[in-house]
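Work through the exercises below with the sequence and the model side by side, and try each task before reading its solution.

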Amino acid sequence: QVQVVESGGGLVQPGGSLRLSCAASGITFRIYAIGWYRQVAGKQRELVARITSTSSTNYSDSVKGRFTISRDNAKNTVYLQMDSLKPEDTAVYYCNVAITIATLGSGYWGQGTQVTVSS
């Protein structure tokens, strides 16, 4: 049974940092692509960062230069380091695990972790 669990969210002041974790089990983690998405109530879920099985990365324009995605295959975990956080980064952040980059968004989802950026 595949399980995907996000953690690390919380309340942070503007300009602060958070590191989110996405742990997956029940799969051969190292061969999967991983995407971090975020969603604000009433809006569509947005892909903010993704990483391939070979650790190639890609970011949305809204987070480029501030967020860093990385993976540790020994721990079956992907991280999202979020720096210089802005109030508009406030959202529920989700992790999606898929067999290829092309199928991201239709793979396995976690339950999400809330990130709130506010003074």
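This is a predicted model: local features need pLDDT of at least 70, side-chain atom pairs count only at pLDDT 80 or more; totals for chains, interfaces and linings use all residues.

Residues are numbered from 1 along each chain as its sequence is written, and side-chain values use heavy atoms, with hydrogens and water left out.

**Exercise 1.** Find how the rings of Tyr37 and Trp109 are arranged.

Solution. Rings of Phe, Tyr and Trp (its six-membered ring) pair if their centres lie within 6.5 Å, and planes under 30 degrees apart count as stacked, over 60 as edge-to-face and the rest as tilted. For Tyr37 and Trp109 the centres are 4.9 Å apart and the planes stand at 65°, an edge-to-face pair.

**Exercise 2.** Decide whether Tyr37 is buried or exposed, and do the corresponding check for Trp109.

Solution. Buried means under 20% relative accessible area, exposed over 50%, and partly exposed in between (1.4 Å probe, protein chains only). Tyr37, with 8%, is buried, whereas Trp109, with 32%, is partly exposed.

**Exercise 3.** Describe the pair of Tyr94 and Trp109, and then find which charge lies over Tyr94.

Solution. The ring centres of Tyr94 and Trp109 are 6.3 Å apart with planes at 90°, so this pair is edge-to-face. A charge sits over a ring if NZ of Lys or CZ of Arg is within 6 Å of the ring centre and within 35 degrees of the ring normal; Arg45 lies over the face of Tyr94, 3.7 Å from the ring centre.
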